[in-house]
Amino acid sequence: MDDGSGYDGPLGDGSVHDGSVHGGFDVDWFGLLGREVLRERRAALIAEACAWSVGLSDRPHHLRLRGRLVATGSTVGDRAATGQALSGEEDGRIELGDARPGSFQDALNAVDADGTVVADRFDREVLEPFVHETCLLAAERARRTRPGQWAELLDDLGEDPADAEPADVVRAGEWEEPLRLEAEHLVLAALGRTPLLAVESEGLPLSLVRAAEVATRAAATPAPAEPEPDEGLAGALFLALAALREAGLPSPVPPAEARALVAALLGQGLEPEEVPRVLPHLPLAPGTAERVAELLS
């Protein structure tokens, strides 16, 4: 039975089969089991996508014009509310290019302040961890309900049945990428044409729960000891702090401002090899240091 996702079963009849031979070809039974578990978790996937979207409308809107990233002077939410396109013709993914202006799909195809396509961040922060967890659940179900097929699978993958971990089996079988594409199709089928502001509104309750969970974990984890400054870097650190003040960057500096941070540090006279050494002593949000390292490399 088709649930509106566009996926009508591996054989086109809406059903999920058990891995035997059908119509003259072998069915990848574990891949089908992963799809089955993903479809069971479809509501949770949609809820996570909505929760993740909260805050997108508050971001400054950017477009790439003639190869150059420019701020349009409005927020993503302002444009979405008036039905203006959020994505441009020079960026984004081809498969997302037919989006309705102001929709969730249109927002996914837009670019962040650092030029990153929003869909790439959505993949990394939502789809990939959700699909990984789904594959692990499928592996646990297979080990519990299909011991014979599970043993054969381990043998095919060269895994030792005595100490094979589900994560190792999933990694060896390479099921996550096709399942990620399936998850993307489910999200777009459910939310793609929905206005971004409506998706954010739907995700607000779960977003608050997620924020509370993060705060609780942070409170329960002892703060890491501050690294001792390297005396040899005193001059570089002085210049780095001056660069932050003069650039007017927020504190802590978020990942979206990593490019501006690099420009400010280099403009203040720091050498590229000095930048990674002063980062531990600067007020940076989680992920900013990694983004700076990517830009420098």
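**Close-up views of a predicted chain**

**Figure 1. Residue Q105 in helix α4.** With a relative accessibility of 10%, Q105 counts as buried (buried means under 20% relative accessible area, exposed over 50%, and partly exposed in between, with a 1.4 Å probe and protein chains only). Q105 belongs to helix α4, residues 104-108 (helices are DSSP runs of H or I with at least four residues, strands are runs of E with at least two, and both are numbered from the N terminus). When residues up to four places away in sequence are not counted, Q105 touches E95, L96, D98, A99, L188 and G192 (contact means heavy atoms within 4.5 Å). The model is predicted, and local features need pLDDT of at least 70, side-chain atom pairs count only at pLDDT 80 or more, and totals for chains, interfaces and linings use all residues. Residues are numbered from 1 along each chain as its sequence is written, and side-chain values use heavy atoms, with hydrogens and water left out.

**Figure 2. Residue E200 in helix α9.** Helix α9, residues 196-220, contains E200. E200 is buried but has no salt bridge, and R59, the nearest side chain of opposite charge, is 7.9 Å away. A salt bridge here is a side-chain nitrogen of Lys or Arg within 4 Å of a carboxyl oxygen of Asp or Glu; for charge, Lys and Arg count as positive and Asp and Glu as negative, while His and the chain ends are not counted. The side chains of E200 and S57 are joined by a polar contact of 2.7 Å (a pair of N or O atoms within 3.5 Å; within protein, one must be able to donate a hydrogen and the other to accept it, and residues adjacent in sequence count only if both atoms are side-chain atoms). Apart from neighbours within four places in sequence, E200 is in contact with S53, V54, G55, L56 and S57.

Figure 3. Strands β3 (residues 60-65) and β4 (residues 68-75) pair in the antiparallel sense over five bridges (two strands pair if DSSP finds at least two bridges between them). R64 has L69 in β4 as its bridge partner. Two residues lie between the strands of this hairpin, and R66 in the turn has a positive phi of about 50 degrees.

**Figure 4. Residue E174 between two helices.** E174 lies in the loop between α7 (166-173) and α8 (176-191). The phi of E174, a residue other than glycine, is positive, near 55 degrees. E174 counts as exposed because its relative accessibility is 63%.
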